[in-house]
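Let's take a walk through this structure together. Have the sequence and the 3D view ready.

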Amino acid sequence: MTTISRTEADPRRGRKPPASLPTAPDPNCPLCPRLASYRDSVRAREPTWFNSPVPSFGDANAALLIVGLAPGVQGANRTGRPFTGDFAGDLLYATLLEYGFAKGVYQARPDDGLKLVDCRISNAVRCVPPQNKPLPVEINTCRQFLIATIASMPKLRAIVALGRVAHDSMLKVLTLRAAAAPFGHGAIHQAGALKLYDSYHCSRYNTNTRVLTPEMFRGVFAKVRANLDS
């Protein structure tokens, strides 16, 4: 897989991703055979759903990028917009609205008119994985699109990684050593001009088990807001 060094991807330099590194996969991306097969099976079962690699949502000139795990089968895979149509989106978008990173009303559908403000949302893996569990080889293969997405954001200052998979993928993108930047809810890691913020994923499981409370989640975005406003 092609990689970009931290210097090449430094948003302060206004570098654009190479032409060979698109920021989004092809709608029929064949790079991960297991994911392509699963995508085809869902297409056959639910032909009116989006059922393609889910593109990033938000302006490339945003200062904040949120990186999730992968589309949920009945969420983003159905609607075509990250975190839209499942429980995780309820908490995420409510929090973004509270801290001024979104405007409008979130109604769990891509035509609800919700707009992000100085914020963009993407995923470590763009295609829906079976049981919401991408394999390591699939995470590695899809990382090229995350690298290109970050390289296309000239004003990027902050990244929120939702969960350990997103965190670990971001460490590779930013060339940070895992020992020097361990995952932990509320942790902040410096990567050149960027700050990487860790949060537990806002999944129904994590909130139902109280691994993540709304207050804990809001605390991460309060730190991001304070940093970007300083």
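What follows looks at a pair of helices and then at one tyrosine.

First, some ground rules: this is a predicted model, where local features need pLDDT of at least 70 and side-chain atom pairs count only at pLDDT 80 or more, while totals for chains, interfaces and linings use all residues. Residues are numbered from 1 along each chain as its sequence is written, and side-chain values use heavy atoms, with hydrogens and water left out.

Start with helix 3 (residues 87–98) and helix 7 (residues 214–229), whose axes come within 10 Å and cross at roughly 45°. Helices here are DSSP runs of H or I, at least four residues, numbered from the N terminus. Axes are lines fitted to C-alpha atoms over the stretch in contact, with angles running from 0 to 180 degrees between N-to-C directions. On the helix 3 side, the contact (heavy atoms within 4.5 Å) is made by Leu91, Leu92, Thr95, Leu96 and Glu98, and helix 7 brings Pro214, Phe217, Arg218 and Phe221.

Now stay in helix 3 and find tyrosine 93. Is tyrosine 93 buried or exposed? Tyrosine 93 counts as buried because its relative accessibility is 0%; buried means under 20% relative accessible area, with a 1.4 Å probe and protein chains only. Leaving out residues up to four places away in sequence, tyrosine 93 touches Phe57, Arg81, Pro82, Phe83, Thr84, Tyr106, Leu114, Leu116 and Ile121. Its side chain reaches the backbone oxygen of proline 82 at 2.6 Å. Valine 105 sits 12 residues from tyrosine 93 along the chain, and their C-alpha atoms are separated by 9.0 Å.

Note on methods
Helices (H or I, at least four residues) and strands (E, at least two) are DSSP runs, numbered from the N terminus. Buried means under 20% relative accessible area, exposed over 50%, partly exposed in between (1.4 Å probe, protein chains only). A polar contact is a pair of N or O atoms within 3.5 Å; within protein, one must be able to donate a hydrogen and the other to accept it, and residues adjacent in sequence count only if both atoms are side-chain atoms.
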